[in-house]
Amino acid sequence: MEEELKNFIKVWFYAIISVAYCYYVSSRIKPGVLRLLSVLPVIALFLFIPLFFSSVHFSGASAFFFTWLANFKLILFSFDKGPLYPLPQNLPRFIFFTCFPIKPQQNPKSQNQIPKWVFAIKVLIFGVLLHTYDYKQHLSFTTLLVIYSLHIYLELEILLMLVKVWVFMFLGCDLEPQSNEPYLATSLQDFWGRRWNLMVPAILRPAVYNPVQRLAEWKMSSDHARFLAVLATFLVSGAVHELIFYYINREMPTGEITWFFVLHGVCTAAEVVVKKRTFVGRWKVSPMVSRLLTVGFVVLTSGWLFFPPLIRGGMFVRLPNEALLFIDSVKHKFFTFGS
């Protein structure tokens with residue numbers, strides 16, 4: 001743990017210096033290829049940052065924050081697009097909006113704030129969930145799928161909420177929510193586009209979806225172009241997930257995770273096309289049934305393609321162990337300080 005914390009400090013030192021360079025130097029270069037070339041060294045550094053760590057949490061979080069989101073933000077920034085355009089008014093804001101999965105809230109009144117007690121319940125459920133791993137040899141595969149899905153969701157939700165609160169305390173500005181209760185999704189389009197890990201579609205939309213759709217419309221109909229753009233977006237997401245889990249497990253990708261996202265890309269695109277057909281409007285499916293079908297499909301396909309490489313790599317053994325170790329460490333320091 002001490003070595004990880006030392007590396008954590010080093011990583012943030014390198015990251016802050018690199019992002020400051022982008023703010024003071026790259027931002028003064030005309031948008032386009034030249035600015036992109038100026039930020040390429042930073043992008044290359046961010047590709048190596050997760051290799052500084054050996055724990056699941058540090059390597060996974062750094063891969064998500066830096067290798068994926070920060071690099072995509074910097075690529076978009078090179079062309080005056082994305083969440084870093086227009087340029088934040090000062091360096092601290094530029095650093096926070098580059099390095100964290102956040103963006104300023106455009107219209108605070110339009111967003112429904114999740115009650116604090118809901119988050120408290122999620123933290124409580126997560127604490128109970130960590131201890132269920134002691135009995136996993138007695139649980140069915142279906143039950144484990146639900147536990148793994150809950151673990152990924154709750155841990156990401158708690159991590160992003162803590163980041164949001166910390167950044168809000170530092171910057172004092174309202175931030176967009178990072179998720180919107182994905183278990184309430186009534187379709188795959190709703191799940192991936194409007195509820196799950198919202199910073200990701202906010203980045204992939206201008207970085208992948210929009211360019212692919214514009215290029216494809218030169219050669220095909222708008223419906224076909226939209227289908228291709230959705231598929232390309234999910235394909236890129238799958239490739240990046242493969243890279244993230246390589247950092248975590250240090251094992252060569254098997255392609256299963258990419259196929260998971262390709263499958264969801266095809267199904268989401270097909271869902272969009274079907275919804276446009278006039279005869280579909282006559283069918284009324286209750287929200288409860290839609291939610292069960294959507295979440296069930298996500299969980300079952302995760303068990304088929306998404307979770308197997310993570311299970312083989314021991315991720316679901318290391319995740320709870322690291323979380324419990326951290327909690328015990330905090331308890332020990334708290335009681336030591338109190339005495």
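**Lys122 and its surroundings**

A: Leaving aside residues up to four places away in sequence, Lys122 touches Tyr153, Leu154, Glu157, Ile158, Glu181 and Tyr183; contact here means heavy atoms within 4.5 Å. This is a predicted model, where local features need pLDDT of at least 70, side-chain atom pairs count only at pLDDT 80 or more, and totals for chains, interfaces and linings use all residues. Residues are numbered from 1 along each chain as its sequence is written, and side-chain values use heavy atoms, with hydrogens and water left out.

Lys122 sits in helix H5, residues 116-132. Helices are DSSP runs of H or I with at least four residues, numbered from the N terminus. Lys122 counts as buried because its relative accessibility is 6%. Buried means under 20% relative accessible area, exposed means over 50%, and partly exposed lies in between (1.4 Å probe, protein chains only). Take one of its partners, Tyr153. Lys122 and Tyr153 are 31 residues apart along the chain, and their C-alpha atoms are separated by 9.8 Å.

Ser290 has a relative accessible area of 14%, so it is buried. Residues up to four places away in sequence aside, Ser290 touches Ala185, Thr186 and Val285.

Now the wider layout. The chain is divided into domain 1 (1-102) and domain 2 (116-326), with bounds from an automatic or database domain assignment. Their C-alpha centres lie 23 Å apart. In contact are 29 residues of domain 1 and 35 residues of domain 2. The area buried between the two domains is about 2,800 Å², and carbon and sulfur atoms give 82% of it. Buried area is the accessible area (1.4 Å probe) that two parts lose on being put together, summed over both.

On the domain 1 side, the elements giving two or more residues are helix H3 (56-77) and helix H4 (91-99). H3 gives the most, with 14 residues. By class, that side has 21 nonpolar, six polar and two charged residues. Ala, Val, Leu, Ile, Met, Phe, Trp, Tyr, Cys and Pro count as nonpolar, Asp, Glu, Lys and Arg as charged, and the others, Gly among them, as polar. Between domain 1 and domain 2 there are zero salt bridges; a salt bridge is a side-chain nitrogen of Lys or Arg within 4 Å of a carboxyl oxygen of Asp or Glu.
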